[in-house]
Amino acid sequence: MIHMEKLTKYYGEVCAVDGIDLDIRKGEITGLLGPNGAGKTTTMRMLTGYLRPSSGTIRVRDLSVDADPLAVKKRMGYLPESAPLYANMLVYDYLLFVAHARGLKGDKARGRIFAMVELCSLSGIMHRPIGELSKGLRQRVGLAHAMMDDPEILVLDEPTSGLDPNQIVEIRDIIRSFGRDKTIILSTHILSEAQATCDRIVIIDKGKIVADGSTEVLTYGLGEGRSLRLVLAGADLEAARSVLAPVEGVVSVEGAQDAGPGLTALEVRYLPGSDPRPEIYRRIKATDWVILEMAPKGVSLEKVFMELTREA
Ligand code: ATP
């Protein structure tokens, strides 16, 4: 759906985006994650045609953002970091203005406004001036603006920045219910938010992609490998260690907390790419111990993010 190739942007001497290659599939919710100044906003501005790349290309389906900017913009809704809303306008007047600007007229305009009022829960505030609304409500109006034309692609720059936890959940619900067939790209600093909302996470640092994958892949496949939490009845730590440490792929077997009385909890670390669970099961089956719990543990996305983006 979206194809970025060697996308690069310089502001004078500063390289904000450094040769990004990224393909985004239809129907995917992709989160761009990165520290301040990583290049997320610049990437989004180039994708939406508001900024010209220094080099590289972006294609949206068969269209080039550079050669067909208007056609691309017609397929996209964009919510910039600070939604540019007119503070003195009433919400209804503003949405009508947006509908007209998008070329919607008469019943079609009213139909879309009604759909946005439903989706973004705006019915109670339609006759209030935008300047009097809370940040969360203003953000809902900004989303209604971005989605007015029922775009195929939605680009949202930090849509939940500065909102309280309740408002964050509301915005997340709106984004998720916008449509499973829509392609959505959002940037965020909030890791749990990316985990809850996105199918795929792309971590950007200093203008480059440093990780790309589903939340699962990022939290289980990166960092220091994987680990299992194992809770056994009838075993002790030393005996368990001598049975499990020789299993192929296992790196260490350590005692873990919160086992409960008479039980032994273990953390079994193993190499990425290996899965020692079947062999662990077979070896324990040959003893008189009972497995009460065997659960893979990932490293947190927060840890992956810090590992990949902290200063060398
Ligand atoms: P944030 O999360 O803080 O919004 P970001 O990941 O969106 O950061 P960008 O805003 O794209 O990052 O900035 C990337 C780099 O480009 C930073 O070093 C920033 O200082 C620089 N930059 C951004 N806009 C401009 C500009 N208009 N002129 C000069 N430098 C800029």
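The largest pocket is lined by 22 residues, and those lying nearest its centre are Tyr-50, Met-76, Tyr-78, Arg-102 and His-145. By a pocket I mean, on a 1 Å grid over the protein atoms alone, an open set of points where a 1.4 Å probe fits, with protein on both sides within 12 Å along at least five of seven lines, and a lining residue has an atom within 4 Å of a point. Please keep in mind that this is a predicted model, in which local features need pLDDT of at least 70 and side-chain atom pairs count only at pLDDT 80 or more, while totals for chains, interfaces and linings use all residues. Residues are numbered from 1 along each chain as its sequence is written, and side-chain values use heavy atoms, with hydrogens and water left out.

The volume of this largest pocket is about 490 Å³, where a volume is the space filled by probe spheres set on the grid points, joined across faces, edges and corners. Helix H2 (69–74), strand E6 (76–79), helix H3 (91–101) and helix H5 (135–147) each supply at least two residues of its lining, and H3 gives the most, with 4 residues. Helices here are DSSP runs of H or I with at least four residues, and strands are runs of E with at least two, numbered from the N terminus. The lining divides into 15 nonpolar, 3 polar and 4 charged residues, with Ala, Val, Leu, Ile, Met, Phe, Trp, Tyr, Cys and Pro counted as nonpolar, Asp, Glu, Lys and Arg as charged, and the others, Gly among them, as polar.

Turning to the second largest pocket, about 200 Å³ of space lies there, and the residues that line it include Met-46, Arg-52, Ile-58 and Asp-66. Strand E4 (residues 55–60) provides the largest share of that lining, 3 residues, and the lining as a whole divides into 6 nonpolar, 4 polar and 2 charged.

What, then, surrounds the ligand? There are 13 residues around it, of which Gly-37, Gly-39, Lys-40, Thr-41 and Thr-42 are the closest, a residue being near if one of its heavy atoms lies within 4 Å. Helix H1 (residues 40–47) gives the most to this shell, with 3 residues, and the shell divides into 4 nonpolar, 6 polar and 3 charged.

As for individual atom pairs, a polar side-chain atom of Asn-36 lies 3.0 Å from an oxygen atom of the ligand, and a polar backbone atom of Gly-37 is 2.8 Å from a ligand oxygen atom.

Notes
A polar contact is a pair of N or O atoms within 3.5 Å; within protein, one must be able to donate a hydrogen and the other to accept it, and residues adjacent in sequence count only if both atoms are side-chain atoms.
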